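Let's take a friendly walk through this model, looking at charged pairs and nonpolar cores. Please have the sequence and the 3D view open as you read.

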Amino acid sequence: MTERDDLDMLVAEFVLGTLPASERAHVESRRNEDPEVDALIQQWEERLGKLAEETEPVQPSPALFAKIEKALDRVESTPREAAETSNVVALRSQLNRWRLSTAIASAAALVLVAILAFQPQPEPQAQSFVAVFQNNDEQPAFLLTVDLKEQRLNIRPVTAEPRPGKSYQLWIKADELGPNPRSVGVLGNDFALDEGALRNYDPALLKEATFGISVEPEGGSPTGQPTGPAIHGYLYPTDGNTP
């Protein structure tokens, strides 16, 4: 580790409160004299403060650390030369740093798991399609929007107007449905139609189908097939959807 790394870990232990009193006093003294140390302390307080807010306290298993401490205690209790004593102090310092690194890594992993587990998932985008009904280059008469996921429809007039003694009727035609169009429903006087009128059709079929709106006698076609002039439209995906 570089001198910078040693200082960084020393400051981290200071913020965690794991330093012995003498070392803590030394760091506090350096903080008052060295802006770099003060800045490092603030950085670690911010990092560890966020971890403390976002995770529950985690107590590492003491088994391994306990064994190491016992071994160090046995070494310390045995008369040693000064150099050997220095090595033991260094080992204990490394143990403290190991503990710190382990705790931080564990906390960071828990934060990541928590974020992944509780991050709100984006709601599935509605599969919205629209069909425009118009004659050649004329202004659209009707707009039909269909939410394929919910199989709901909404139809509204653009330039179409009520016709006395007449009704507009919506039709669907697809190869899977046979050679003739099927009635989806008769539009009321306010151009309303049951929004669930397409619920019995497969979304894949709806995307490929041809829709038509015909002018029929009041109340709808008497034959079950279009009898008056009709305009047609196909469903196209709105922005953000694929066909």
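Is Glu28 buried, partly exposed or exposed? Glu28 has a relative accessible area of 38%, so it counts as partly exposed. Please keep in mind that this is a predicted model.

**Charged pairs**

Glu28 has a partner: Arg24 forms a salt bridge with it, and their closest N and O atoms are 3.8 Å apart. Both residues belong to helix 2 (residues 21-33), where they sit four residues apart, about one turn of the helix. Arg24 is partly exposed as well, at 31% relative accessibility. Side chains of opposite charge can pair when their charged atoms come close.

In total, the structure holds four salt bridges.

| Salt bridge | Closest N and O atoms |
|---|---|
| Arg24 and Glu28 | 3.8 Å |
| Asp38 and Arg31 | 2.6 Å |
| Arg152 and Asp147 | 3.9 Å |

In the pair of Asp38 and Arg31, Asp38 is partly exposed with a relative accessible area of 23%, and Arg31 is partly exposed with 25%.

Arg152 is partly exposed at 37% relative accessibility, whereas Asp147 is at 14%. Buried means under 20% relative accessible area, so Asp147 counts as buried. Asp147 is found in strand 2. Besides its salt bridge with Arg152, the side chain of Asp147 has a polar atom 3.0 Å from the backbone nitrogen of Lys149.

Now to the nonpolar residues. In soluble globular proteins, nonpolar side chains tend to be buried together. Here the largest nonpolar core has 30 residues, and those with the most contacts inside it are Phe133, Phe142, Leu144, Ile172, Leu206 and Phe211. Two or more residues of this core come from each of strand 1 (128-133), strand 2 (142-147), strand 3 (152-157), strand 4 (166-173), helix 6 (203-208) and strand 6 (210-217). A second, separate core has 11 residues, including Leu10, Val27, Val37 and Trp44.

Which residues is Phe211 in contact with, leaving aside its neighbours within four places in sequence? They include Phe133, Leu144, Ile172 and Leu206, four residues that are also listed with the most contacts inside the largest core. The contacts of Phe211 also include Leu170, Trp171, Leu198, Ile231, His232, Gly233 and Leu235.

Key:
Residues are numbered from 1 along each chain as its sequence is written. This is a predicted model: local features need pLDDT of at least 70, side-chain atom pairs count only at pLDDT 80 or more; totals for chains, interfaces and linings use all residues. Side-chain values use heavy atoms; hydrogens and water are left out. A nonpolar core is a set of buried Ala, Val, Leu, Ile, Met, Phe, Trp, Tyr and Cys residues joined through side-chain atoms within 4.5 Å. Buried means under 20% relative accessible area, exposed over 50%, partly exposed in between (1.4 Å probe, protein chains only). Contact means heavy atoms within 4.5 Å. A salt bridge is a side-chain nitrogen of Lys or Arg within 4 Å of a carboxyl oxygen of Asp or Glu. A polar contact is a pair of N or O atoms within 3.5 Å; within protein, one must be able to donate a hydrogen and the other to accept it, and residues adjacent in sequence count only if both atoms are side-chain atoms.
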